[in-house]
Structure formats: structure tokens, C-alpha cells
Amino acid sequence: MNLIVDQGNTSIKIALFDEKGMVDVKIFALSSAEEVISYIKGLNYQNAIYSTSSLPNNEFLATLKENSTTFVNLTYRTLIPIKVDYATPQTLGMDRVAAAVGAREICGEVSTLVIDAGTAVTYDYVTADGVYKGGNIAPGISMRLKALNHFTKSLPLVEVSEEYPLLGVDTNSAILSGVMSGVLYECEGYIAKISKKEANLKVILTGGDHLLLYNQLKNSTFVPLIDEEYLVLKGLNAILRYNVEK
């Protein structure tokens with residue numbers, strides 16, 4: 001059994017995988033470290049991987065090392081089943097690396113664009129021969145809405161919604177339409193540009209807002225779309241499995 005611990009910007013995800021795939025996943029608040037450690041100590045697993053997008057939790061590291069046959073603390077030096085072609089690999093977020101590996105795991109030997117719609121929207125490209133070529137980072141949907149409210153004196157904070165007009169008819173709908181349309185046009189632009197070069201491109205959407213984008217993009221693009229909520233977790237498991245086999 002493989003244990004996956006993914007410490008993100010807003011939560012901690014813990015998943016268990018057997019040889020057939022993911023068998024369980026739980027999500028904890030970022031502030032509940034003691035609860036996480038107690039939960040981990042009650043699990044039955046052989047191998048573990050720990051990934052964080054911020055400072056590592058030393059208690060997590062100690063607990064996982066103590067109870068694992070093989071333990072991987074994911075860094076840019078960790079062995080992974082794809083090649084990273086990035087000028088500063090030490091600055092590349094481990095969640096983006098894991099998502100790229102997960103895309104390769106799910107899609108196989110085809111070009112893949114990963115769109116991760118979370119706090120930020122990230123775009124990451126993996127070639128058909130398994131090379132991560134880089135990507136871009138943009139503000140996420142909620143961040144854009146909050147920025148309009150924070151940096152202006154009169155614009156309200158609008159809630160995220162899948163329902164909005166093409167053109168706003170009041171301030172709230174104008175903000176929502178402007179933000180949602182902007183993100184979608186951004187996605188469509190990347191898909192169109194890359195698919196011109198890569199005829200067999202597949203696109204995977206993940207992250208907290210991935211279904212919002214998936215439901216809109218599936219009607220506006222002919223490129224195959226895959227919605228995968230647990231892409232990063234599946235990528236981390238693939239990395240762990242790769243290191244166990246090595």
C-alpha cells in the first residue's frame with residue numbers, strides 16, 4: 001500500500017493506493033497537523049511520498065520516515081519518470097511536476113496540456129516523448145474576483161458561479177462575466193496555440209475550479225478533454241512507484 005501526503009496552499013490531501021489504484025482519500029485543513037499525524041499513524045502502508053508547496057512539516061517527515069519501507073520527500077532532485085526541461089527546476093512547484101507525471105500516467109505517450117484551476121491557474125505542457133517543457137501561471141478565478149474588489153473603491157466582491165451572461169447587465173454580472181470569460185478565453189487560447197503544433201494533443205483539467213472550466217470548454221473546443229480531480233495525487237503515486245521500483 002502506498003501513502004500519498006500532499007500539502008497544498010489551502011489543505012492537506014492524504015490518499016492510499018494499492019496496485020489497482022486509489023482506494024481512499026481524505027482532506028484536512030492546513031491547520032490540523034496534529035490530526036493529520038494521528039490519522040497517518042493509524043494507517044497500514046509500506047511506502048510513502050510527501051509533497052509540499054510551502055515549508056515542509058518536520059513532524060510529517062519524521063512520522064513518514066519512521067513508518068515507511070521506502071519514503072520519498074519530493075524535491076527537484078527526486079527521480080521521476082519524465083524529463084524536466086526547465087531553466088530553474090529548483091523553483092518549479094512540486095504540484096506542477098506531479099501533475100505533469102500524472103498526465104503522462106493517464107494519457108500515455110501523447111502531448112498533454114495540464115490546466116490546474118486552483119488558487120492560481122497553471123498551464124503545463126508535456127511532449128509526446130515525455131518531456132516537461134514548462135508552462136505559465138495566472139491568477140485563479142477567486143483571486144481575480146477578490147483583486148477587483150480589493151484594488152478598487154466601488155466594485156463589490158462577487159461569488160464564483162457557472163451561470164453568467166456573455167455581456168454583463170449590471171455591475172455584478174459584468175464582473176463575473178469578465179472574470180469567467182477571461183479565464184476561458186485564456187484556456188482556449190493556449191489549447192488553440194499548442195494544438196496547431198501538436199495534432200494529437202489532450203487536455204487534462206484539475207484543481208478546485210476544474211469542473212467550472214470543463215463544463216464550458218467541452219462546448220468550445222474539439223481537443224479531447226479529461227477532468228481529473230485527483231491528478232496530482234495520481235502523479236505522486238506514479239513518482240513513488242517509480243522510486244520503489246528503482
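User: Which way do H5 and H6 cross, right-handed or left-handed?
Analyst: The crossing of H5 and H6 is right-handed. Keep in mind that this is a predicted model.

User: OK. At what angle do H5 and H6 pack?
Analyst: They pack at an angle of about 65°, and their axes are 11 Å apart. H5 and H6 therefore count as roughly perpendicular to each other.

User: Which residues in H5 and H6 meet there?
Analyst: From H5 you have Val183, Leu184, Cys187 and Glu188, and they meet Leu213, Gln216 and Leu217 of H6.

User: How does S7 pair with S8, parallel or antiparallel?
Analyst: S7 (residues 112-117) and S8 (residues 120-126) pair in the antiparallel sense, over 6 bridges. A hairpin of 2 residues joins S7 to S8. Thr112 stands opposite Val126 in S8, and Leu113 stands opposite Tyr125 in S8.

User: What about S7 and S10, which sense do they pair in?
Analyst: S7 and S10 pair in the parallel sense, over 5 bridges. There, Thr112 stands opposite Lys202 in S10.

User: I'm also curious about Thr122. Where is it found, and is it buried or exposed?
Analyst: Thr122 is found in strand S8. It is buried, because its relative accessible area is 10% and the cut-off for buried is under 20%.

User: What does Thr122 touch?
Analyst: Leaving out residues up to four places away in sequence, Thr122 touches Arg96, Val114, Ile115, Asp116, Asn136 and Ile137.

User: Next up, H4. Which residues of H4 are buried?
Analyst: In H4 (residues 141-150), Ile141, Arg144 and Leu145 are buried. Seen down the helix axis, the buried residues of H4 fall within an arc of 95°, so they line one face.

User: Why would that spacing put residues on one side?
Analyst: An α-helix has 3.6 residues a turn, so residues three or four places apart point the same way.

User: Which exposed residues sit on the face of H4 turned away from the buried side? And what covers the buried ones?
Analyst: Lys146 and His150 are the exposed residues on that face of H4. The cover over the buried residues of H4 includes S9 (131-139), H5 (171-197) and H6 (210-217).

User: Last one: the sheet with 5 strands. What's its order?
Analyst: The order is S3-S2-S1-S4-S5, again an open sheet with mixed pairing. S3 (21-29) and S5 (70-73) are at the edges, each with a single partner strand, so one side of each lacks a neighbour in the sheet. S1 (residues 2-7) and S4 (residues 47-52) run parallel, joined by 6 bridges. Tyr50 in S4 is the bridge partner of Val5. H7 (residues 231-245) packs on the sheet, touching S1, S2 (11-18), S3, S4 and S5.

Definitions and conventions. Residues are numbered from 1 along each chain as its sequence is written. This is a predicted model: local features need pLDDT of at least 70, side-chain atom pairs count only at pLDDT 80 or more; totals for chains, interfaces and linings use all residues. Side-chain values use heavy atoms; hydrogens and water are left out. Buried means under 20% relative accessible area, exposed over 50%, partly exposed in between (1.4 Å probe, protein chains only). Helices (H or I, at least four residues) and strands (E, at least two) are DSSP runs, numbered from the N terminus. The arc is that of the directions from the helix axis to the C-beta atoms. Contact means heavy atoms within 4.5 Å. Two strands pair if DSSP finds at least two bridges between them. Axes are lines fitted to C-alpha atoms, for helices over the stretch in contact, and angles run from 0 to 180 degrees between N-to-C directions. Angles under 35 degrees count as roughly parallel, over 145 as roughly antiparallel, 65 to 115 as roughly perpendicular and the rest as oblique. A crossing is left-handed if the near helix is turned anticlockwise from the far one by less than a right angle, and right-handed if clockwise.
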